[in-house]
Amino acid sequence: MRIILSRKGFDSGSGGGPSPIVGGRSITLPIPAGAASQTTYGDLGLAEHVARSSRGKLGADDLCHHDPMFTDAGECLFGQCGAAQTHLERQGVGIGDVFLFFGLFRDWELGGEPHHRIFAYLEVKELIPLMHGTPQELIDIAHPHALAMHHKNDVIYR
């Protein structure tokens, strides 16, 4: 089993500031959408948080790259492509390996400095290469990597 550290969410480069910690709970903010998306921050109930973390640059109607995506069924879907996916392939990352997702966070209520923390994980049960077609179920839930190919080696880890 491999453990892969994967940085996700808002920071000074993507979004403008750290994701919030609210009531002791880390709430990761997806990065702004650069490619296909049908999901807004408002859709995810994150409008207030994104406005504060981006210092008003983003709001409820802005599209986001909702990835990794955590479903109501307790499943995680995570897309990778380009150089990052090529690196994972070369390292042999696959079924049984674990992604630890971490990001930059700040407790706006209690103050304190921004810091990195782990907020979720994904144990890989399936790899779904998108080169030869995308399963309709992934399109139906609007996973951003399912809506449009980001790169020829686009893959979703489930």
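**Entry 1: glutamine 80.** I looked up how covered glutamine 80 is in this predicted model. Its relative accessibility is 13%, and buried means under 20%, so I put glutamine 80 down as buried. I then located glutamine 80 in strand β5, which spans residues 76–80. Setting aside residues up to four places away in sequence, I found that glutamine 80 touches Lys8, Gln85, Leu88, His145, Asn153, Asp154, Val155 and Tyr157.

**Entry 2: the cores.** Next I looked for nonpolar cores. The largest one holds 15 residues, and Phe78, Leu88, Val93, Phe99, Phe101, Leu122 and Tyr157 have the most contacts inside it. I noted that β5, β6 (98–107), β7 (111–123) and β9 (155–157) each give two or more residues to this core. I also found a second, separate core of eight residues, with Ile27, Leu29, Tyr41 and Val50 among them. In soluble globular proteins, nonpolar side chains tend to be buried together.

**Entry 3: leucine 122.** I listed the contacts of leucine 122, leaving out neighbours within four places in sequence. They are Cys76, Phe78, Asp97, Val98, Phe99, Phe101, Tyr157 and Arg158.

**Entry 4: the whole chain.** I counted four helices and nine strands. From the N terminus, I read their order as β-β-β-α-β-β-α-β-β-β-α-α-β. The radius of gyration is 16 Å; a compact globule of 158 residues would have one near 15 Å, so the two agree. Buried residues are 45% of the 158. Of the contacts between residues at least 6 apart in sequence, 62% join residues at least 24 apart.

**Entry 5: charges.** I found 13 positive and 18 negative side chains. The centres of the two sets are 8 Å apart.

How values were computed: Residues are numbered from 1 along each chain as its sequence is written. This is a predicted model: local features need pLDDT of at least 70, side-chain atom pairs count only at pLDDT 80 or more; totals for chains, interfaces and linings use all residues. Side-chain values use heavy atoms; hydrogens and water are left out. Buried means under 20% relative accessible area, exposed over 50%, partly exposed in between (1.4 Å probe, protein chains only). Contact means heavy atoms within 4.5 Å. A nonpolar core is a set of buried Ala, Val, Leu, Ile, Met, Phe, Trp, Tyr and Cys residues joined through side-chain atoms within 4.5 Å. The radius of gyration is taken over C-alpha atoms; the globule rule is 2.2 Å times the number of residues to the power 0.38. Lys and Arg count as positive and Asp and Glu as negative; His and the chain ends are not counted. The place of a charge is taken as NZ of Lys, CZ of Arg, CG of Asp or CD of Glu.
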